[in-house]
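Have the structure open as you read.

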Amino acid sequence: MTNREFLSNDDLHAFCQSRKDDLRRALCDLIRARTVNPPGDEYLAAKVLTDFCDACGIPYETFEKEPGRTNVVARIGAGRPRIVVPCHFDVVPPGDGWETDPFEPVETGGRIYGRGAMDNKGPLAAMMLAAAYLKQHEADLPGQLILVGCADEEAGSNLGMIYLLAECGLEAEYSVVPDAGHGMKLIDVGEKGALFTKVVAVGRQAHGSTPERGASALWPVLDFLGRLRDWRPPPPPESDAADLFTPATLNIGAVHAGTVANMVPGKCEALIDIRYLPGADGDAILAHLRSELAAVEADADGVRMDLEVESHQLPSLVDTEGPLVAALERATERVTGNRPKRYGQSGATVAKFLILHGVPAIGFCCGPEGVAHVAGEWIELDDLARFAEVMTLTVLDLMGEAG
């Protein structure tokens, strides 16, 4: 079979269908690996992936920034382009409401239930199936698939993707991040900027019966928040982002002041979450906040006010007309009969870290919406098999081999 022939017939489809038992086994083993973050313990799921690599003859490396917080980087093929597909080992706590043990997978009606089935162990199991297929044809591959099992995605990725990019030399020409379940109907081509700030006001405590002797830190903060109630970051000028993203948002997540009713609060803090579109000026947004705060502080006798930046993730947007998006669209339509739509994400995935590192990255995944992070999390085995086909075709297309 030549490098073209293995894509010109039903070999890939037949392979994925015939290996559903392997797919089921991999997913169940991953679910049984209790990798709740915190504490993580990703080494438990990492062993499932490394045992698979050993059995298939796939070379890999492991990286740990902290003991037990294992990342696995497996490679199939050589040369370029290099396509990295990062999945994460860690899961959120099970929470309440489960009718079965969340770490003992249950299969019924073609669905597998368990914590991490959708987010993100099911997609990882599907990528292991894709990797097994590509390994069989490794000699024909002009590029390289890099399958990554990451630690710490659910808690910021400092021990996972950020660490791999900054300290472990992970590089690639393209990336598809399978971590947003939209039933293979949407491609995440960008992510909003995420600006988290904290307003701190310091006044003077006093007895609640004599508030004139104090300087309440709460009232000026409320005045400042009132100025922001109807304000939103303006859309970027002359940008296509507005067609892909929902409008910019502002959320007041928390306000903390005082302890009891009969005391004037001497300190107040408010937490603000702003999501803004690619092309908008993050510095201008901060300047607006500080200008409004200064105006309030000028009228707040005896109260000092400050704005602190808790974190600031810049917005990202890939070239929607480039080869990465086109390859995934073609592969999805070929397998499912439907061409996915492009959209901009309001939340954040590790795709942002890759893009800011210079690697074009998009988000795309199988599975239903609304089942991640909830009791009774599930995914369909057939959906995972189709996803393995789509991802294999995408990788081969980017390598120039899909016909």
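A residue is called buried when its relative accessible area is under 20%, exposed when it is over 50%, and partly exposed in between, using a 1.4 Å probe and protein chains only. This is a predicted model, where local features need pLDDT of at least 70, side-chain atom pairs count only at pLDDT 80 or more, and totals for chains, interfaces and linings use all residues. Residues are numbered from 1 along each chain as its sequence is written, and side-chain values use heavy atoms, with hydrogens and water left out.

**The overall picture**

- The protein has 12 helices and 18 strands, taken as DSSP runs numbered from the N terminus (helices are H or I with at least four residues, strands are E with at least two).
- Its C-alpha trace spans about 85 × 50 × 40 Å along the principal axes.
- Buried residues account for 54% of the 403 residues.
- Take the contacts (heavy atoms within 4.5 Å) with a separation of 6 or more: 80% of them are between residues 24 or more positions apart.

- As background, most residues other than glycine have a negative phi, and most peptide bonds are trans.
- D152 isn't a glycine, yet has a positive phi of about 70 degrees; D152 sits in the loop between β6 (144–150) and α6 (161–167).
- Does D152 count as buried or exposed? D152 is buried, because its relative accessible area is 5%.
- S157 also sits in the loop between β6 and α6, and has a positive phi near 75 degrees.
- With a relative accessible area of 2%, S157 is buried.
- The bond joining N37 and P38 is cis, with omega about 0 degrees, and P38 is in the loop between α3 and α4.
- Another cis peptide bond runs from D119 to N120, with omega near 20 degrees; N120 lies in helix α5.

**Pockets and the cavity**

- Everything here is worked out on a 1 Å grid over the protein atoms alone: a cavity is a set of points where a 1.4 Å probe fits but cannot get out, a pocket is an open set with protein on both sides within 12 Å along at least five of seven lines, and lining residues have an atom within 4 Å of a point.
- Grid points are joined across faces, edges and corners, and a volume is the space filled by probe spheres set on the points.
- The largest pocket has a volume of about 450 Å³, and 24 residues line it, with D119, E153, D179, A348 and T349 nearest its centre.
- That lining splits into nine nonpolar, 10 polar and five charged residues (Ala, Val, Leu, Ile, Met, Phe, Trp, Tyr, Cys and Pro are nonpolar; Asp, Glu, Lys and Arg are charged; the others, Gly among them, are polar).
- The second largest pocket holds about 270 Å³ of space; 16 residues line it, and D22, R25, A26, F52 and M128 are the closest to its centre.
- Two or more lining residues of the second largest pocket come from each of α3 (20–32), α4 (43–56) and α5 (117–136).
- By class, the second largest pocket is lined by 10 nonpolar, one polar and five charged residues.
- There's one cavity of 30 Å³ or more, and the largest cavity has about 40 Å³ of space.
- P86, C87, H88, C150, E153, V177, D179 and V350 line the largest cavity, with strand β3 (residues 82–88) giving the most, three residues.

- A nonpolar core is a set of buried Ala, Val, Leu, Ile, Met, Phe, Trp, Tyr and Cys residues joined through side-chain atoms within 4.5 Å.
- The largest nonpolar core has 91 residues, and M128 and L170 touch the most other members; α5 is the biggest giver to this core, with 13 residues.
- Neighbours within four places in sequence aside, M128 is in contact with A26, L30, V48, L49, F52 and L147.
- There's also a second, separate core of 26 residues, including A215, A270, I272 and V303.
- In α3, the buried residues are K20, L23, A26, L27, C28, L30 and I31, and they pack against α2 (11–18), α4, β5 (111–113), α5, β18 (378–380) and α12.
- The buried residues of α10 are L324, V325, A327, L328, E329, A331 and T332, and just after α10, G337 takes a positive phi of about 85 degrees.
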